[in-house]
Amino acid sequence: MIKLLKLQKAVLVLIAGVISYILYRTLDAYDVEGARYLQIIAGILVMIGALWMLYPILFAKKDRDGNAEIITDPTVEVSVDEEEEKNNKD
């Protein structure tokens with residue numbers, strides 16, 4: 001599902017933020033001078049990742065009934081069953 005919504009980069013940014021926070025906690029335990037900068041970087045990365053996760057919601061197109069339709073990645077193949085279910089609902 002994450003691949004369909006084009007959120008891989010957002011997840012990677014969030015993971016990088018968590019890793020940099022873990023590095024900050026480790027370096028802070030040993031009283032390293034530059035550890036605070038890792039905390040700043042971790043916060044920025046987590047905020048960017050969280051905002052990036054909102055992208056599909058903010059830019060979803062509404063159909064004629066007013067329902068939001070999330071546009072997925074066209075390069076990802078969807079199984080035949082899902083396509084048939086989608087066509088049958090219309």
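I will start with leucine 27, which sits in helix H1. Helices here are DSSP runs of H or I with at least four residues, strands are runs of E with at least two, and both are numbered from the N terminus. Before going on, a word on the source: this is a predicted model, where local features need pLDDT of at least 70, side-chain atom pairs count only at pLDDT 80 or more, and totals for chains, interfaces and linings use all residues. Residues are numbered from 1 along each chain as its sequence is written, and side-chain values use heavy atoms, with hydrogens and water left out.

Back to leucine 27. The cut-offs are under 20% relative accessible area for buried, over 50% for exposed, and partly exposed in between, with a 1.4 Å probe and protein chains only. Setting aside residues up to four places away in sequence, leucine 27 touches Val32, Ala35 and Leu38. Contact means heavy atoms within 4.5 Å. Leucine 27 and leucine 38 are 11 residues apart along the chain, and their C-alpha atoms are separated by 9.1 Å.

Now the whole chain. There are four helices and two strands, and from the N terminus the order is α-α-α-β-β-α. Of the 90 residues in the chain, 17% are buried. Among contacts with a separation of 6 or more, 57% are between residues 24 or more positions apart. The accessible surface is about 7600 Å², and carbon and sulfur atoms account for 60% of that. The areas come from the Shrake-Rupley method with a 1.4 Å probe; for residues, only the protein chains shown count as cover.

Next, the helix pair. Two packed helices are described by the angle between their axes and the distance between the axes. H1 covers residues 8-29 and H2 covers residues 35-53; their axes come within 8 Å and cross at roughly 160°. The axes are lines fitted to C-alpha atoms, for helices over the stretch in contact, with angles from 0 to 180 degrees between N-to-C directions. H1 and H2 are therefore roughly antiparallel to each other. On this scale, angles under 35 degrees are roughly parallel, over 145 roughly antiparallel, 65 to 115 roughly perpendicular, and the rest oblique. In the contact of H1 with H2 there are 19 nonpolar, four polar and three charged residues. Nonpolar means Ala, Val, Leu, Ile, Met, Phe, Trp, Tyr, Cys and Pro; charged means Asp, Glu, Lys and Arg; the others, Gly among them, are polar.

Serine 20 lies in H1 and is buried, with a relative accessible area of 6%. Valine 13 is also placed in H1 and counts as buried at 16% relative accessibility. Apart from neighbours within four places in sequence, valine 13 is in contact with Leu45, Ile48, Gly49 and Trp52.

Last, the loop between H1 and H2, where aspartate 31 is found. Aspartate 31 is exposed, with a relative accessible area of 64%. Its phi is positive, about 55°, although aspartate 31 is not a glycine.
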